[in-house]
Amino acid sequence: MLDVDRNNFAPRNPYVNRPQYLGYNVTISAPHMHAFALEYLSDYCINGAHILDVGSGSGYLTVALSKMINDSGLVVGIEHINDLIIFGNNNVKKNHSYLVENGKIIFVNGDGRKGYIKYAPYNAIHVGAAVEKIPKALIDQLALNGRMFIPVGPKGKTQYIYLVDKDSDGKVTYKSILSVCYGMLTDVESQLNPED
Ligand code: SAH
């Protein structure tokens, strides 16, 4: 995280330990949540790894994950708001343009609930918004000996970070580790026009 200056990613108060509003009804996660995600995924961020960052938003964690694999392999940031893809790309370019130019980070527009099959399987998957039910596509796209970090629970209610681990035989185990409060992984229409 010391290699990735949050000032290039958060529009305001970059060094305050809180989420910051990005527009489009979403926030860049608080630094402590980025730190938890990186800690819990660190053993899976091996050199050459393929990593999926679902809901890449500001692009902060996408770059931090690339740093975890020493700029090797590939980190795919998937995001469904086109303006945020542009925002994330521009943020990365401020100090880490080589990662985009060398194809070590790519941002794609798509529904992260479906994963991104083209570069699967992924050694590590980070999900930056909560789901009521863990999408099967994401479990399917997790590599053997891989781990997914995903917030699970209903909108506005208690949610938990789950670690979803797939062992060398493909057996999947689930462990809840932390209670959290995330926005939801949703469709564009519901995100831009929330009912409440
Ligand atoms: N991890 C990022 C953003 C967290 S906010 C950061 O810390 O900056 C969650 C992000 O998920 C938002 O950018 C939102 O637009 C995106 N998102 C929500 N639902 C999505 C979906 N179905 N597919 C892809 N991205 C989604």
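Two strands are said to pair if DSSP finds at least two bridges between them. Strands (E, at least two residues) and helices (H or I, at least four) are DSSP runs, numbered from the N terminus.

## Strands β1 and β2

In this predicted model, Gln-20 has Ile-28 of β2 as its bridge partner. Strand β1 covers residues 20–23 and pairs with β2 in the antiparallel sense over three bridges. The two strands form a hairpin with two residues between them, and Tyr-24 in the turn has a positive phi of about 55°.

## Basis of the values

The model is predicted: local features need pLDDT of at least 70 and side-chain atom pairs count only at pLDDT 80 or more, while totals for chains, interfaces and linings use all residues. Residues are numbered from 1 along each chain as its sequence is written, and side-chain values use heavy atoms, with hydrogens and water left out.

## Ligand shell

There are 22 residues around the ligand, and those that come nearest are His-34, Ser-58, Glu-79, Gly-112 and Thr-186. Strand β2 (residues 26–28) supplies the largest share of the shell, three residues. By type, the shell holds six nonpolar, 13 polar and three charged residues. Here Ala, Val, Leu, Ile, Met, Phe, Trp, Tyr, Cys and Pro count as nonpolar, Asp, Glu, Lys and Arg as charged, and the others, Gly among them, as polar.

An N or O atom in the side chain of Asp-111 is 3.0 Å from a nitrogen atom of the ligand, and a backbone N or O atom of His-80 lies 3.4 Å from a ligand nitrogen. An oxygen atom of the ligand lies 3.0 Å from a polar side-chain atom of Gln-191. On its own the ligand has 570 Å² of accessible area, and the protein covers 97% of it. Accessible areas come from the Shrake-Rupley method with a 1.4 Å probe.

## Helix α2 and Ser-66

Helix α2 (residues 60–68) contains Ser-66. Ser-66 counts as buried because its relative accessibility is 0%; buried means under 20% relative accessible area, with protein chains only as cover. Eight of the nine residues of α2 are buried, including Tyr-60, Leu-61 and Lys-67.

Ser-66 touches Asp-71, Val-75, Leu-99, Lys-104 and Ile-105, not counting residues up to four places away in sequence; contact means heavy atoms within 4.5 Å. The C-alpha atoms of Ser-66 and His-50 are separated by 9.6 Å, with the two residues 16 apart along the chain. After α2 comes Asn-70, with a positive phi near 55°.

Methods
A residue is near a molecule or strand if one of its heavy atoms lies within 4 Å of it. A polar contact is a pair of N or O atoms within 3.5 Å; within protein, one must be able to donate a hydrogen and the other to accept it, and residues adjacent in sequence count only if both atoms are side-chain atoms. Buried means under 20% relative accessible area, exposed over 50%, partly exposed in between (1.4 Å probe, protein chains only).
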